[in-house]
Amino acid sequence: MSTETTASPRRGRGGRERVLAAAARLFAAQGINATRMEQVAEQAPVSKRTLYAHFRTKDELVVAHLHELTATGHTLESALSREDVPARERILGLFGPPPATGGAPVRGCPFIDAAAEFPDPAGAVHSYAREQKLLMVRLVTALAEELGCREPAALAEQLVTLADGAASRAMVLDDPDYGRHARAAAEILLDHALPD
């Protein structure tokens with residue numbers, strides 16, 4: 001009697017989700033460009049045929065990974081959309097510790113990381129990262145307007161620049177709490193932007 005009829009972890013539904021979970025772990029641990037598609041298939045575990053049926057290219061996989069991070073709230077930007085938190089605290093949420101990556105090194109902002117690893121501005125990955133960064137500044141602008149801040153668009157650009165810089169330094173220094181320094185500066189900017 002053949003044992004091939006026994007279910008294995010490589011068969012059945014959920015292949016796409018397993019691929020995305022494996023990609024997230026590998027990208028966090030070793031970076032995007034250092035991760036080979038074969039590694040993702042092995043870690044998922046799925047066949048290479050299944051992997052490529054879901055994601056024809058690595059670019060498609062990376063964009064899907066970034067979209068999944070956004071959809072599940074695993075980015076600092078997710079703090080901006082929380083309607084249960086006051087506007088000021090939502091902005092300051094950009095400077096909190098990044099979402100946990102299971103003991104992996106601090107990766108900083110996944111959109112900055114992806115844009116750096118896919119530097120072609122016309123490429124799909126870089127374009128998606130740019131869209132998310134533009135959305136971030138629009139969300140901060142709307143919150144600054146809600147607070148009644150003077151020059152909310154200019155303030156938003158300053159705040160997101162602080163947040164992106166803090167995320168980058170957190171990654172370089174492998175310090176998940178590095179945002180506390182930028183938060184102090186953000187609080188001063190907000191205080192000075194409020195009407196007298």
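Let's start with α4 and α7, which are roughly parallel to each other. This is a predicted model, so keep that in mind throughout. How far apart are the axes of helix α4 and α7, and at what angle do they pack? The axes are 9 Å apart, and the angle is about 20 degrees. Angles under 35 degrees count as roughly parallel. That is why we call α4 and α7 roughly parallel. The crossing of the two is right-handed.

Now find the residues. On the α4 side, the contact is made by Asp59, Val62, Val63, Leu66, His67 and Thr70. On the α7 side, look for Ala124, Val125, Tyr128 and Gln132. For orientation, α4 covers residues 58-71, and α7 covers residues 124-147.

Stay with Tyr128. How many aromatic pairs does a search of the whole structure find? One. Phe111 and Tyr128 form it, with ring centres 6.4 Å apart. Their planes sit at 55 degrees, so the pair is tilted. The cut-off for edge-to-face is over 60 degrees, and for stacked it is under 30.

Where are these two residues in the chain? Phe111 is in helix α6, residues 110-117. Tyr128 is in α7. They are 17 residues apart, and the pair links distant parts of the chain.

Are the two partners buried or exposed? Phe111 is buried, at a relative accessible area of 1%. Tyr128 comes out at 10%, so Tyr128 counts as buried too.

Next, the other partner of α7. Helix α8 runs over residues 152-173. The axes of α7 and α8 come within 8 Å of each other. They cross at roughly 125 degrees. The pair is therefore oblique. Here, too, the crossing is right-handed.

From α7 we have Lys133, Met136, Val137, Val140, Thr141, Ala144 and Glu145. From α8 we have Pro152, Ala153, Leu155, Ala156, Glu157, Leu159, Val160, Ala163 and Asp164.

Zoom in on Val140, in helix α7. How accessible is Val140? Its relative accessibility is 0%, so Val140 counts as buried. Which residues does Val140 touch, beyond its neighbours within four places in sequence? Leu80, Ile91, Leu94, Ala156, Leu159 and Val160. One more spacing for your notes: Val140 and His181 are 41 residues apart in sequence, and their C-alpha atoms are 19 Å apart in space.

At 62% relative accessibility, Glu151 counts as exposed.

Asp174 shows a positive phi as well, near 50 degrees, and is likewise a residue other than glycine. Asp174 is in the loop between α8 and α9, where α9 is residues 179-193. Its relative accessible area is 45%, so Asp174 is partly exposed.

Gln39 has a relative accessible area of 18%. The limit for buried is under 20%. That is why Gln39 is classed as buried.

What does the side chain of Gln39 do? It joins the side chain of Gln30 in a polar contact of 3.0 Å. Setting aside residues up to four places away in sequence, Gln39 touches Leu26, Gln30 and Ala34.

Follow the chain past α2. Which peptide bond is cis here? The bond from Ala44 to Pro45, with omega near -25 degrees. Pro45 lies in the loop between α2 and α3, and α3 spans 48-54.

Last, the whole protein. It has nine helices and zero strands. Read from the N terminus on, the elements go α-α-α-α-α-α-α-α-α. The C-alpha trace spans about 80 × 35 × 30 Å along its principal axes. There are 196 residues, and buried ones make up 40% of them. Take the contacts between residues at least 6 apart in sequence. Of these, 64% join residues at least 24 apart.

Methods. Residues numbered from 1 in each chain as written. Predicted model: local features only at pLDDT ≥ 70, side-chain atom pairs only at ≥ 80, totals over all residues. Heavy atoms only, no water. Buried < 20%, exposed > 50% of the residue type's maximum accessible area, 1.4 Å probe, protein only. Polar contact = N/O pair within 3.5 Å; in protein donor to acceptor, adjacent residues only side chain to side chain. Contact = heavy atoms within 4.5 Å. Phe/Tyr/Trp six-rings, centres within 6.5 Å; stacked < 30°, edge-to-face > 60°. Helix = DSSP H or I, 4+ residues; strand = E, 2+ residues; numbered from the N terminus. Axes fitted to C-alpha atoms, helices over the stretch in contact; angles between N-to-C directions. Parallel < 35°, antiparallel > 145°, perpendicular 65-115°, else oblique. Left-handed = near helix turned anticlockwise from the far one by under 90°.
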